[in-house]
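Have your viewer ready and try each task before reading on.

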Amino acid sequence: AMIDIARPSADAMTFAFIAARAELMDKTISPALESGKLVVSDRSFVSSMVYQSSTDDEMHEVMRANSDILDRYDAWPDLIVLLEPDVRQAMDRSSKIHDPGGYDGDGYEKHDERKRKYHDAVNLVSGRCGCKVFIVNSSKSLNSVVVCVNNAVETAMLERRFTMKNS
């Protein structure tokens, strides 16, 4: 059977994202981690868990599908920083960047649902791998957000160094 490129099924999209993530892990992320580099990723599989699931069961399935890759490369995150704007800020940013209708045309109605799904996804991941989670109010000024993210990363790096030295 051929894939309808214009309108692939939800499963086809999930597997396409997983295939792309596996390739990225193999060619870019794993070599960087092996050489001792810090890897920062925006969105990643946490966003896949939110956008490629409509139920909690599906969210677990998307995480399970990604777990094999993350386990194989020992690449679970040490830290997740969740940027959380208020609804007006999110709509404004979305319309300026790529989505004139805001949130893929869903508008304000989906903001709280999407926010809940991000929290659920982050909790699932942190429960699985024990990573730290920092939630940043990204409705503040850009400078304030950068300072908060920087502090979260520095704290996680210091904790990781301390753990590595004492293990």
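**Exercise 1. The core**

Of the 21 residues in the largest nonpolar core, which touch the most other members?

*Solution.* Before we start, note that this is a predicted model, where local features need pLDDT of at least 70, side-chain atom pairs count only at pLDDT 80 or more, and totals for chains, interfaces and linings use all residues. Residues are numbered from 1 along each chain as its sequence is written, and side-chain values use heavy atoms, with hydrogens and water left out.

Step 1: A nonpolar core is a set of buried Ala, Val, Leu, Ile, Met, Phe, Trp, Tyr and Cys residues joined through side-chain atoms within 4.5 Å. Buried means under 20% relative accessible area, exposed means over 50%, and partly exposed is in between (1.4 Å probe, protein chains only).

Step 2: Phe45, Val46, Met49 and Val125 touch the most other members of the core.

Step 3: see where the core comes from. Two or more residues each are given by helix 1, helix 2, helix 3, strand 1 and helix 5. Helix 3 supplies the largest share, five residues. Helices (H or I, at least four residues) and strands (E, at least two) are DSSP runs, numbered from the N terminus.

**Exercise 2. The setting of helix 2**

Work out why helix 2 is largely enclosed by the rest of the structure.

*Solution.* Step 1: count. Helix 2 spans residues 44–51, and six of its eight residues are buried, so the rest of the structure largely encloses this helix.

Step 1: name them. The buried residues are Phe45, Val46, Ser47, Ser48, Met49 and Val50.

Step 2: find the packing partners. The buried residues of helix 2 pack against helix 1 (10–34), helix 3 (56–72), strand 1 (79–84) and helix 5 (111–129).

Step 3: zoom in on one residue. Setting aside neighbours within four places in sequence, Val46 has contacts (heavy atoms within 4.5 Å) with Ile80, Tyr118, Ala121, Val122 and Val125.

**Exercise 3. Aromatic pairs**

Find the aromatic pairs that the structure holds, and describe the geometry of each.

*Solution.* Step 1: recall the description. A pair of aromatic rings is described by the distance of the centres and the angle of the planes. Rings of Phe, Tyr and Trp (its six-membered ring) pair if their centres lie within 6.5 Å; planes under 30 degrees apart count as stacked, over 60 as edge-to-face and the rest as tilted.

Step 1: count. There are two aromatic pairs.

Step 2: take Phe45 and Trp76. This pair is edge-to-face, with 5.9 Å centre to centre and 90° between the planes. Phe45 lies in helix 2 and Trp76 in the loop between helix 3 and strand 1, so the pair ties together parts that are 31 residues apart in sequence. Both Phe45 and Trp76 are buried.

Step 3: take Tyr51 and Tyr118. Their ring centres are 6.3 Å apart and their planes stand at 75°, so this pair is edge-to-face. Tyr51 in helix 2 and Tyr118 in helix 5 are 67 residues apart, and the pair links these distant parts of the chain. Tyr51 is partly exposed at 35% relative accessible area, whereas Tyr118 is buried at 14%.

**Exercise 4. Salt bridges**

How many salt bridges does the count come to? Look at some of them in detail.

*Solution.* Step 1: apply the rule. A salt bridge is a side-chain nitrogen of Lys or Arg within 4 Å of a carboxyl oxygen of Asp or Glu. The count comes to seven salt bridges.

Step 1: inspect helix 3. Glu61 and Arg64 form a salt bridge at 2.4 Å, N to O. These residues are three apart in helix 3, so about one helical turn separates Glu61 from Arg64. Glu61 is partly exposed at 45%, and Arg64 is partly exposed at 46%.

Step 2: inspect helix 5. Arg116 and Asp120 meet in a salt bridge at 2.5 Å, N to O. Both residues lie in helix 5, four residues apart, about one turn of the helix.

Step 3: inspect a link between elements. Glu159 and Lys132 form a salt bridge, their closest N and O atoms being 3.7 Å apart. The pair links distant parts of the chain, with Glu159 in helix 6 (residues 142–165) and Lys132 in strand 2 (residues 132–137), 27 residues apart.
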